[in-house]
Amino acid sequence: MICDINNKIGNNVIVNQTERKHMSLENVCSLLCFLAGAVFFVMALFGPWRYFFLMGVCVITGVMIYESPERTDTKKKRRDDR
């Protein structure tokens, strides 16, 4: 907790900080692909075999998104001596 004493009102306000897990776009997209793959797997168990193909495409896409290397920019926007 942080106490904010410079709030220009004179009251001490306690601000609770909550820790949230970092969810990037890659994590959300891979999670959606895995969920779609699970749905197609259930549909393939009770329906036509072509849903196995769609399940495979979704799972492979989710793995490719999840394991993509992080981008590292070699150009620095700010100088080191600042």
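The following questions and answers go through a predicted model of one protein chain.

Biologist: What pattern does the protein chain follow when read along the sequence?

Modeller: The secondary structure of the protein chain consists of 2 helices and 2 strands. Taken in sequence order, these elements give the pattern β-β-α-α.

Biologist: What percentage of the residues in the protein chain is buried?

Modeller: A residue counts as buried when its relative accessible area is under 20%. The protein chain has 82 residues, and the buried share of them is 12%.

Biologist: What span does α1 reach from its first C-alpha to its last?

Modeller: Helix α1 has 22 residues. At 1.5 Å a residue, 32 Å is expected, and the span is close to that. From first C-alpha to last, α1 reaches 32 Å.

Biologist: Which residues of α1 are buried, and where do they lie around the helix?

Modeller: Ser30, Cys33, Gly37 and Ala44 are the buried residues of α1. Viewed down the axis of α1, they fall within an arc of 55 degrees, so they line one face of the helix. The face turned away from this buried side carries exposed residues, namely Leu25, Leu32 and Phe46. The buried residues asked for are therefore on one face of α1, within 55 degrees.

Biologist: Which residues of α2 are buried?

Modeller: Helix α2 covers residues 50-66 and reaches 25 Å, close to the expected 24 Å. The buried ones are Tyr51, Met55, Cys58 and Gly62.

Biologist: Against which element do the buried residues of α2 pack?

Modeller: Seen from α1, the cover over its buried residues includes α2. Seen from α2, the buried residues pack against α1 (25-46).

Biologist: How far apart are the C-alpha atoms of Leu31 and Val63?

Modeller: Leu31 lies in helix α1. Its relative accessibility is 46%, so Leu31 counts as partly exposed. Leu31 and Val63 are 32 residues apart along the chain, while their C-alpha atoms are separated by 9.6 Å.

Biologist: Is Met64 buried or exposed, and how far is Met64 from Glu26 in space?

Modeller: Met64 is found in helix α2. Exposed means over 50% relative accessible area. Met64 has 59%, so Met64 is exposed. In sequence Met64 and Glu26 are 38 residues apart, and from C-alpha to C-alpha the distance is 10.0 Å.

Biologist: Which element gives the largest share of the nonpolar patch?

Modeller: The patch on the surface is formed by Phe41, Val42, Leu45, Phe46, Trp49 and Phe52, with about 720 Å² of accessible area together. Phe52 has its place in helix α2, and Phe52 counts as partly exposed because its relative accessibility is 36%. The largest share of the patch is 4 residues, and these come from α1.

Biologist: Among contacts between residues at least 6 apart in sequence, what percentage joins residues at least 24 apart?

Modeller: A contact means heavy atoms within 4.5 Å. Of the contacts in the protein chain between residues at least 6 apart, those joining residues at least 24 apart make up 32%.

Technical notes:
Residues numbered from 1 in each chain as written. Predicted model: local features only at pLDDT ≥ 70, side-chain atom pairs only at ≥ 80, totals over all residues. Heavy atoms only, no water. Buried < 20%, exposed > 50% of the residue type's maximum accessible area, 1.4 Å probe, protein only. Expected span 1.5 Å × (residues − 1). Patch = residues over 30% accessible without salt bridge, like charges linked within 9 Å, V, L, I, M, F, W, Y side chains within 5 Å. Areas by Shrake-Rupley, 256 points an atom, 1.4 Å probe, with all protein chains shown as cover. Salt bridge = Lys/Arg side-chain N within 4 Å of Asp/Glu carboxyl O. Arc of directions from axis to C-beta.
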